[in-house]
Amino acid sequence: MHDIITLPGLGGSGDTHWQTIWERSDARFSRFQPTSWDQPELDDWEQSLERAVGRCAKPPVLVAHSLACLLVAHWATRFPSAIAGAFLVAVPDPDGANFPAEAAAFRPVPDRALRFPSLVIASTNDPYGGLELTRQRARVWQSGLIVLGALGHINASSGISDWSQGRALLDAFSAGLSR
């Protein structure tokens, strides 16, 4: 079984967010810890991710939400550390009207294939990322893509609680990764 690193987006994931719920229910999950969840600095977030990966005994699976999906793309171009794969939920559009100004350092997003297996999970009505851009991003990254329907930003505000459907998708994705 793989270790799993959760990568929350801007603001971190609160107590009712599925990432936090998954962390509490499974000891394989750990959370990367940047200096600030509210004032993200790309270099700091990349270094924090690299430290988290380095603490794992074998290549982990990354479970990223929102801004952290962009982090994974940036980190992959800068660091050669091995990971088993990346589960990327609710990829935001850094040029979209709702993208937070405090995360401007995360643009532009690298436009190259990720060097590890990845799966993008999308919603049809995400206010932070349109479906067509998400499809394009998945193609460029050579990621699989699953569109779930109208789940907003796939966060605590979406009313999905522990998001059992997402956990089943993560488990299936992880099962297909090399050990």
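Accessible areas here come from the Shrake-Rupley method with a 1.4 Å probe. On that basis the chain exposes about 7,800 Å², of which carbon and sulfur atoms supply 49%. The model is predicted.

**Overall fold**
- Five helices and six strands occur in the chain.
- Their order along the sequence is β-α-β-α-β-α-β-β-α-β-α.
- The chain is as compact as a globular protein of its length, because its radius of gyration of 15 Å is close to the 16 Å that the globule rule gives for 179 residues.
- Along the principal axes, the C-alpha atoms fill a box of roughly 40 × 35 × 30 Å.

**Burial and contacts**
- Of the 179 residues in the chain, 55% are buried.
- Among contacts with a separation of 6 or more, 75% are between residues 24 or more positions apart.

**Aromatic rings**
- The structure contains 11 aromatic pairs.
- One of them joins W18 and W22, whose ring centres are 4.6 Å apart; the planes meet at 55 degrees, so the pair is tilted.
- Both residues belong to helix α1, which covers residues 18-25, and they are four residues apart, about one turn of the helix.
- W18 counts as buried because its relative accessibility is 0%.
- W22, at 2% relative accessibility, also counts as buried.
- Ring pairs connect W18, W22, F29 and W163 into a cluster.
- W22 also has the charged end of R167 over its ring, 5.8 Å from the ring centre.

Conventions: Residues numbered from 1 in each chain as written. Predicted model: local features only at pLDDT ≥ 70, side-chain atom pairs only at ≥ 80, totals over all residues. Heavy atoms only, no water. Phe/Tyr/Trp six-rings, centres within 6.5 Å; stacked < 30°, edge-to-face > 60°. Helix = DSSP H or I, 4+ residues; strand = E, 2+ residues; numbered from the N terminus. Buried < 20%, exposed > 50% of the residue type's maximum accessible area, 1.4 Å probe, protein only. Lys NZ or Arg CZ within 6 Å of the ring centre and 35° of its normal. Rg over C-alpha atoms; globule rule 2.2 N^0.38 Å. Contact = heavy atoms within 4.5 Å.
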